[in-house]
Amino acid sequence: MNQVAKYWEDYECIDTGNKEKLERWKDVILRRPDPQVIWPIQDENALWKQPHAHYHRSRSGGGHWEFKKKFKESWTIQYKELRFKVSPTGFKHTGLFPEQAANWDFMMEKIRKSQRKDLRVLNLFAYTGGATMACACAGADEVVHVDASKGMVAWAKENMELSNLSDKKIRFIVDDVLKFVQREKRRGRTYHAIIMDPPSYGRGPNKEVWKIEEQLYPLIQACLEILDDDPLFFLINSYTTGFPPTVLFNLLNATVATKHQNGYIEAGEIGLPITRTNTVLPCGIYGRWVKK
């Protein structure tokens with residue numbers, strides 16, 4: 001089941017081609033690399049040639065922004081009730097993955113429909129907190145936001161303030177996710193919903209090495225130990241090249257579904273609509289166990 005983030009107003013994927021995408025972030029046009037775009041640009045028009053900024057990838061790795069027009073260093077965009085800070089960073093990113101709105105919509109719907117007042121949500125590899133804000137906004141009693149990067153957690157706190165969620169119970173934790181989960185087990189804490197967006201490769205705050213193909217299954221197993229006896233959902237998102245959605249389906253089937261048989265599993269791609277061609281840009285995969 002594929003999910004498309006089609007309800008944006010402040011964001012638009014205008015066009016794609018030649019391993020690049022042309023995007024509108026509110027009033028700012030950015031041209032950024034996307035390795036999955038292996039088809040040509042059909043019409044390299046003025047927007048392609050004169051965006052506000054163009055990220056050029058280096059052959060030796062990394063890259064740099066070429067700024068063609070003046071614009072603010074950071075600005076705010078809105079998705080439904082949520083507001084986020086956007087700012088071009090050193091490695092092509094902007095602090096937000098707009099395709100994740102498809103996952104936010106799912107989380108918000110499930111939390112609201114549950115009408116439960118005690119929901120505790122754990123968001124691992126939580127980045128700048130899109131999912132954190134979505135769950136808090138939808139009415140989760142507590143959201144615990146865990147990421148190894150102090151800078152990303154600080155950015156997430158800004159997003160909390162922008163979305164007027166400072167009165168919600170959101171705990172921000174800078175930590176290695178597995179160590180945090182293991183500590184939560186020792187403390188006897190449980191969660192009704194667990195979200196994770198693991199990188200393909202990464203390092204924790206104390207140089208802990210993360211390799212998704214080796215450590216994702218043990219992490220899910222550890223999370224099972226702190227998943228409440230009456231869970232609402234368990235969601236995994238991945239951008240790892242070469243991982244089809246079936247991998248996440250099989251992982252959830254071998255873990256969460258074995259212990260909790262009152263649910264079902266969905267897996268598929270998430271993507272963004274491409275305005276000019278009326279097609280979809282694939283942006284990653286998701287797998288989720290959902291309570292029936």
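This is a predicted model: local features need pLDDT of at least 70, side-chain atom pairs count only at pLDDT 80 or more; totals for chains, interfaces and linings use all residues.
D105 is part of helix α2. Which residues does D105 touch, once neighbours within four places in sequence are left aside? They are Y7, Y79 and K80.

Now the overall picture. The protein has 8 helices and 17 strands. The C-alpha trace spans about 55 × 40 × 40 Å along the principal axes. Of the 292 residues, 53% are buried. As for contacts, take those between residues at least 6 apart in sequence: 62% of them join residues at least 24 apart.

Back to α2, and its partner. Helix α2 covers residues 101–114 and helix α3 covers residues 130–138; their axes lie 8 Å apart, and the packing angle is about 25°. That angle makes α2 roughly parallel to α3, because angles under 35 degrees count that way. The crossing of these two helices, α2 and α3, is right-handed. Who makes the contact between α2 and α3? On the α2 side we have W104, M107, M108, I111 and R112. On the α3 side we have G130, A131, A134, C135, C137 and A138. Sorted by class, the contact of α2 with α3 has 9 nonpolar residues, 1 polar and 1 charged.

Staying with α3, how many of its 9 residues are buried? The count is 8, so α3 is largely enclosed by the rest of the structure. The buried ones are G130, A131, T132, M133, A134, C135, A136 and A138. After α3 comes G139, which has a positive phi, near 115°.

The second pair is α5 and α6. Helix α5 runs over residues 177–187 and helix α6 over residues 212–224; the axes come within 9 Å and cross at roughly 20°. So α5 is roughly parallel to α6. Is the crossing of α5 and α6 left-handed or right-handed? It is left-handed. From α5, the contact takes in V177, L178 and V181, and from α6, L219, A222 and C223. By class, the contact of α5 with α6 consists of 6 nonpolar residues, with no polar and no charged ones.

To set the pairs side by side: α2 and α3 cross in a right-handed sense, while α5 and α6 cross in a left-handed one. The contact of α2 with α3 includes 1 charged residue, whereas the contact of α5 with α6 has no charged residue.

Last, some backbone angles. Most residues other than glycine have a negative phi. K19 has a positive phi, near 60°, and is not a glycine. K19 sits in the loop between β2, residues 11–17, and β3, residues 20–25. Q115, also a residue other than glycine, has a positive phi near 55°. Where is Q115? Q115 lies in the loop between α2 and β9, the strand at residues 120–124. With 67% relative accessibility, Q115 counts as exposed, the cut-off being over 50%.

Note on methods: Residues are numbered from 1 along each chain as its sequence is written. Side-chain values use heavy atoms; hydrogens and water are left out. Axes are lines fitted to C-alpha atoms, for helices over the stretch in contact, and angles run from 0 to 180 degrees between N-to-C directions. Helices (H or I, at least four residues) and strands (E, at least two) are DSSP runs, numbered from the N terminus. Angles under 35 degrees count as roughly parallel, over 145 as roughly antiparallel, 65 to 115 as roughly perpendicular and the rest as oblique. A crossing is left-handed if the near helix is turned anticlockwise from the far one by less than a right angle, and right-handed if clockwise. Contact means heavy atoms within 4.5 Å. Ala, Val, Leu, Ile, Met, Phe, Trp, Tyr, Cys and Pro count as nonpolar, Asp, Glu, Lys and Arg as charged, and the others, Gly among them, as polar. Buried means under 20% relative accessible area, exposed over 50%, partly exposed in between (1.4 Å probe, protein chains only).
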